[in-house]
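Please open the coordinates alongside my notes and check each point as you read.

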Amino acid sequence: MAIATIGGGAQIGDGNLAEISLSVIPAPLTATATANLSVAQLTNGILLGSPGASAASYTLPTVAALEAALVNSKVGSSFPVSVLNVDGSGSGVITLVTNTGWTLVGLMTVAATAGTVQLFRARKSGDGAWVLYRYG
């Protein structure tokens, strides 16, 4: 069955709205104390952060490194980033830190409570430029 290419979107399958939409994602990746995140950690979808007893800064990869991995990205391309604080000590705040080519919008912290999750969305805003938005 071919996917329709007319109009503003595409419908896969028969359009049964009662069916759950499934996707495949890799297993979550981890980061501990202050770290420079890899492109894989950022684009994985779920990052399990364990900062320990003190605050941790997770520096984003450069946009050049991100675009080298996402060669087909175009302006408007985006992906979700969920950062989950899994530290049991309850005292380590996680802060996402900018790097070359990034603009950060919103508070870039994940609370120091085990089980706290913060949702972010990365969006390509131009050639060599990405924005990380906090939402949720």
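Below are my numbered points, starting with the model and its confidence and ending with the loop around one asparagine.

1. **The model.** This is a predicted model, in which local features need pLDDT of at least 70 and side-chain atom pairs count only at pLDDT 80 or more, while totals for chains, interfaces and linings use all residues. Residues are numbered from 1 along each chain as its sequence is written, and side-chain values use heavy atoms, with hydrogens and water left out.

2. **Confidence.** The score here is pLDDT, the predictor's confidence in each residue, from 0 to 100. Its mean over the protein chain is 88, and 88% of the residues reach 70 or more. Confidence is lowest in strand 8, at a mean of 95, and highest in strand 7, at 98. A helix or strand is a DSSP run, numbered from the N terminus (helices are H or I, at least four residues; strands are E, at least two).

3. In which order do the 4 strands of the open sheet lie? The order is 2-4-6-8, with mixed pairing; two strands pair if DSSP finds at least two bridges between them. Strand 2 (35–36) and strand 8 (109–110) are the edge strands, each pairing on one side only.

4. **Strand 6 and its neighbours.** Strand 4 (residues 56–59) runs parallel to strand 6 (residues 94–97), and 4 bridges join them. The bridge partner of S57 in strand 6 is T95, and that of T59 is V97. Strand 6 also pairs with strand 8, in the antiparallel sense, over 2 bridges; there I94 stands opposite V110. In general, side chains in a regular strand alternate between the two faces of the sheet. Strand 6 has a covered face, I94 and L96, and an uncovered one, T95 and V97.

5. **Strand 10 and its partners.** Strand 7 and strand 10 run parallel and are joined by 4 bridges, with W130 in strand 10 as the bridge partner of W102. Strand 9 and strand 10 run antiparallel, joined by 7 bridges, and G126 stands opposite A129 in strand 10. The hairpin of strand 9 and strand 10 has 2 residues between the strands, and G128 takes a positive phi near 75 degrees there.

6. The structure holds 2 aromatic pairs. Rings of Phe, Tyr and Trp (its six-membered ring) pair if their centres lie within 6.5 Å; planes under 30 degrees apart count as stacked, over 60 as edge-to-face and the rest as tilted. Why is the pair of F79 and W130 called tilted? Their ring planes stand at 50 degrees, with the centres 5.7 Å apart, so the pair is tilted. This pair links distant parts of the chain, with F79 in strand 5 (residues 78–85) and W130 in strand 10 (residues 129–135), 51 residues apart. W102 and W130 form a tilted pair too, 6.3 Å centre to centre with 50 degrees between the planes. Because W102 lies in strand 7 (residues 102–105) and W130 in strand 10, that pair ties together parts 28 residues apart in sequence.

7. F79 is buried at 11%, W102 is buried at 8%, and W130 counts as buried at 1%.

8. **The salt bridge.** How many salt bridges does a search of the whole structure find? It finds 1, where the term means a side-chain nitrogen of Lys or Arg within 4 Å of a carboxyl oxygen of Asp or Glu. The side chains of E67 and K124 meet in it, at 3.1 Å from N to O. E67 is in helix 2 (residues 63–69) and K124 in strand 9 (residues 116–126), 57 residues apart. K124 counts as buried, at 6% relative accessibility.

9. **The loop at N44.** N44 sits in the loop between helix 1 (39–43) and strand 3 (46–49), and N44 is buried, with a relative accessible area of 8%. A polar atom of the N44 side chain lies 3.1 Å from the backbone oxygen of A27, and one lies 3.4 Å from the backbone nitrogen of I46. Not counting residues up to four places away in sequence, N44 touches P26, A27, P28 and L29 (contact means heavy atoms within 4.5 Å).

Definitions and conventions
Buried < 20%, exposed > 50% of the residue type's maximum accessible area, 1.4 Å probe, protein only. Polar contact = N/O pair within 3.5 Å; in protein donor to acceptor, adjacent residues only side chain to side chain.
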